[in-house]
Structure formats: C-alpha cells, structure tokens
Amino acid sequence: MAFRVAADMNDTGADVSLLDHAESGPPPEEEQGVAYATELAAFAEALASGDSAELAAARAELDAVAGRAVTADAAAIAANFQCMTRVADATGIPLDTPMMAASQSVRDKLDFHHYASANNSKPIPKPLRPVARLLGKLIPAILKRVRLKL
C-alpha cells in the first residue's frame, strides 16, 4: 500500500494512515497522491491474503482502471519486495546503528519489533544512545535541508 514519509521521520512525519484503514476505509484518492491507490491497495491486500479468487478479482479491477502495464509493474514490485525481504531475513542482515537511530520512531509506529527479523539488529548500546538520538534528529534535518524527499 502507499504511504508518504516526510523528511523528518522522527518528528511524527510518517503518514502511515493508509496502512491500516480497516475501520474507516482509505481516504479519497485525491488526498492520497497516488494514482489508482484504491485498486493498488486492494491488489496488495489480495496478494498478501493468499486468496486466489480475491487476487484474480483485484488484478482484473486494476487492469480495468490502470491497464496491464501498471498491473504488471505492481506485481513485479511486490515480488521484488517479497524477494528482498526473504533474502534479508535468511541472511540475517541487521540495521546498523545510524539506521537504527534514524528509523526508530517509524519502526515503533509500525510495530516492526514483533517480526522475527527484528532480532537480527542489536539494540543501540547505552553509551551510544545519546549519539543515536542526535543522529535520529540530524539525519532527517539534513535530508530536509537538501530537499531530499523520502
């Protein structure tokens, strides 16, 4: 599903509202800033569900509104992320300390700590926690300064 992440990740800049819209439904497409967001979200949900009938229906709907090329791109992106996640999990790739610091609030907000792969990353050592907090504030500020959007 689509979501926007502002440059200042640690200052509640992550808009993850589209990730969990079961109760209220997704916001209108014009507020999401993503073409075919509703159909792409349904396609992603169907891929994750493992229900072949649901997937076929979502694929047909995405094809109808966005065309075969968009559907193929969405499927390729989903497959690539699945592959990358499996490789990372299988090899035990940990986050380094700067990335741990920079992504802490987003990981907390998305509750990534309950995934088994989170065990691959070591907690930030106590002596480095002040530095990590500083990095967590500096990195997004630097990115914002150079106008790099995440």
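Visitor: What does buried mean here, and where is the cut-off for exposed?

Guide: A residue is buried when its relative accessible area is under 20%, exposed when it is over 50%, and partly exposed in between. The model is a predicted one.

Visitor: Is D63 buried or exposed, then?

Guide: D63 has a relative accessibility of 19%, and because the limit for buried is under 20%, D63 counts as buried.

Visitor: How many salt bridges does the structure hold?

Guide: The structure holds 1 salt bridge. It joins D63 to R68, and their closest N and O atoms are 3.1 Å apart. Side chains of opposite charge can pair when their charged atoms come close.

Visitor: Let us step back. What secondary structure does the protein have?

Guide: The protein has 6 helices and 2 strands. Read from the N terminus, the order of elements is β-β-α-α-α-α-α-α.

Visitor: What share of the residues is buried?

Guide: Of the 150 residues in the protein, 23% are buried.

Visitor: Turning to the surface, which residues gather in a patch of positive charge?

Guide: The patch consists of K126, R129, R133 and K137. One of them, K137, lies in helix α6, residues 129–145. K137 is exposed, its relative accessible area being 62%.

Visitor: Which residues form the nonpolar patch on the surface?

Guide: L134, L138, I142 and V146 form that patch, and together they have about 370 Å² of accessible area. L134 is found in helix α6, the helix that also holds K137 of the positive patch.

Visitor: Where is Y36 found, and how accessible is it?

Guide: Y36 is in the loop between α1 (29–32) and α2 (37–49). Its relative accessible area is 31%, so Y36 is partly exposed.

Visitor: What about the phi of D111?

Guide: D111 has a positive phi too, of about 55°, and it is not a glycine either. D111 lies in the loop between α5 (97–109) and α6. At 40% relative accessibility, D111 counts as partly exposed.

Visitor: Where does P123 lie?

Guide: P123 lies in the loop between α5 and α6, where D111 is also found. P123 is exposed, with 63% relative accessibility.

Visitor: How far is the C-alpha atom of P123 from that of D96?

Guide: The two C-alpha atoms are separated by 9.7 Å, while P123 and D96 are 27 residues apart along the chain.

Terms used:
Residues are numbered from 1 along each chain as its sequence is written. This is a predicted model: local features need pLDDT of at least 70, side-chain atom pairs count only at pLDDT 80 or more; totals for chains, interfaces and linings use all residues. Side-chain values use heavy atoms; hydrogens and water are left out. Patches are made of residues with over 30% relative accessible area and no salt bridge: like charges are joined within 9 Å, nonpolar side chains (Val, Leu, Ile, Met, Phe, Trp, Tyr) within 5 Å. Accessible areas come from the Shrake-Rupley method with a 1.4 Å probe; for residues, only the protein chains shown count as cover. A salt bridge is a side-chain nitrogen of Lys or Arg within 4 Å of a carboxyl oxygen of Asp or Glu. Lys and Arg count as positive and Asp and Glu as negative; His and the chain ends are not counted. The place of a charge is taken as NZ of Lys, CZ of Arg, CG of Asp or CD of Glu. Helices (H or I, at least four residues) and strands (E, at least two) are DSSP runs, numbered from the N terminus. Buried means under 20% relative accessible area, exposed over 50%, partly exposed in between (1.4 Å probe, protein chains only).
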